[in-house]
Amino acid sequence: MINLLTLVLIFMIIGAIISIWTTDLLSAIIAVGAVGFGSSVVFLLLRAPDVALAPVVVEVLMLVILIRATVGRDVHTIGSAREIFGLSVAAVLVLLLLAFAVHAIGGLPEFGEPVMARVADAPASYYLENGLSQTGSANIVTAVLLDFRGYDTLGEATVLFGAILGAMTLLRRKSRTDKPRQE
Amino acid sequence: MKETSTIVKTISRCVVGFIFLYGLYIVCYGHLTPGGGFTGGVILASAFVLEMLAWGKEEALKSLPFRLAKPFDSAGALAFLVLGLLGLLLGGDFFVNVIQKAYPGKPFSLFNAGIIPLCNIAIAIKVCASLFLVILVLSVLRVAAGGGTEDDLTTQEEE
């Protein structure tokens with residue numbers, strides 16, 4: 001398990017370095033996407049599937065948005081021979097994904113049956129049993145959000161802070177140094 | 001911009017206070033009833049946004065000035081971080097609920113759960129200020145021609 005984890009981490013580091021050093025914008029975006037999907041695999045290996053979902057969603061969205069932003073500036077046209085190859089690879093990948101998805105759906109718990117009924121030592125049952133006595137919070141959602149998984153909430157707050165910082169910086173018309181003094 | 005109608009203005013002025021009060025309730029009772037800092041903060045911000053939509057950004061900036069919203073945003077995030085670091089300093093681990101460990105309150109009462117209500121309040125201040133700022137910045141400062149600059153936000157407060 002550790003070896004696979006190390007491999008994925010090395011893959012991510014290489015992807016990050018490529019994305020910085022390449023001069024081709026599209027290659028850089030694809031390399032960044034590979035790093036993101038690598039982080040998702042890392043979270044899966046560390047047995048945090050709920051966290052692994054977030055990078056997948058973000059990466060798909062970012063890839064689409066970033067490629068859309070670069071289309072027309074730095075995009076390569078592909079010849080017909082390579083197009084057939086690419087299409088067949090894509091079709092095989094989609095079918096493979098479908099096979100995995102069908103298999104995975106069979107493993108999902110029944111509707112209304114929580115995971116902790118199946119896995120006895122799931123964290124959820126621990127939270128439910130000890131939430132009130134350990135945190136004093138009657139609302140178990142808040143107890144999980146702010147006590148058991150406080151790191152997670154801090155990360156969310158940081159994301160929000162970064163978002164507003166980016167919006168304020170990008171949407172400002174003048175930079176602070178260029179601004180003439182009005183006194 | 002076209003003026004909103006008298007009905008919208010009157011109703012929104014009546015309702016804004018109640019929305020704000022409801023947001024405060026959601027934040028303060030976050031550890032007892034459904035809700036918490038994020039939800040409550042969004043409701044608090046929506047009170048200011050409603051004011052902005054109905055009365056224009058000048059009125060909303062009178063309630064929550066631009067120069068106050070920016071420090072609120074940072075202060076909320078910083079307060080949350082400090083509460084986490086408090087656990088690291090006094091309890092040995094990041095985000096240890098030191099207050100609850102030292103003074104365990106009565107369950108289901110308002111003053112218990114240690115740092116959780118304080119975290120909720122810090123997050124609420126942060127979320128409220130940043131959501132208001134995002135909406136304000138996106139509606140006032142525009143990259144396209146004809147948009148305002150940051151000066152539009154700062155000069156109006158001085159009047």
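Helices here are DSSP runs of H or I, at least four residues long, numbered from the N terminus. Keep in mind as you click around that this is a predicted model.

Start in chain A with helix 2, residues 25–45, and pick out Ser39(A). Is Ser39(A) buried or exposed? With 18% relative accessibility, against a cut-off of under 20%, Ser39(A) counts as buried. Show its side chain and you'll find it reaching the backbone oxygen of Gly36(A) at 2.6 Å. Leaving aside residues up to four places away in sequence, Ser39(A) touches Met12(A) and Pro55(A).

Next, select helix 7 of chain A, residues 140–148, where Thr142(A), Ala143(A), Leu146(A) and Asp147(A) are buried. Look down the helix axis: these buried residues fall within an arc of 100°, so they line one face of helix 7. An α-helix has 3.6 residues a turn, so residues three or four places apart point the same way. Now bring up what that face packs against: helix 6 (123–135) and helix 8 (150–170) of chain A, plus helix 4 (66–91) and helix 6 (115–140) of chain B.

From there, go to the largest nonpolar core, which has 18 residues; Met168(A), Phe66(B), Phe132(B), Leu133(B) and Leu136(B) have the most contacts inside it. Helix 8 of chain A and helices 2, 3, 4 and 6 of chain B each supply at least two of its residues. Helix 6 of chain B gives the most, with 6 residues. Zoom in on Met168(A): beyond four places in sequence, Met168(A) touches Phe66(B), Lys70(B), Leu133(B) and Val137(B).

Last stop: apart from that core lies another, of 13 residues, including Phe95(B), Ile115(B), Cys119(B) and Ala122(B).

Technical notes
Residues are numbered from 1 along each chain as its sequence is written. Chains are lettered from A and ligands numbered from 1 in the order in which they are written. This is a predicted model: local features need pLDDT of at least 70, side-chain atom pairs count only at pLDDT 80 or more; totals for chains, interfaces and linings use all residues. Side-chain values use heavy atoms; hydrogens and water are left out. Buried means under 20% relative accessible area, exposed over 50%, partly exposed in between (1.4 Å probe, protein chains only). The arc is that of the directions from the helix axis to the C-beta atoms. Contact means heavy atoms within 4.5 Å. A nonpolar core is a set of buried Ala, Val, Leu, Ile, Met, Phe, Trp, Tyr and Cys residues joined through side-chain atoms within 4.5 Å. A polar contact is a pair of N or O atoms within 3.5 Å; within protein, one must be able to donate a hydrogen and the other to accept it, and residues adjacent in sequence count only if both atoms are side-chain atoms.
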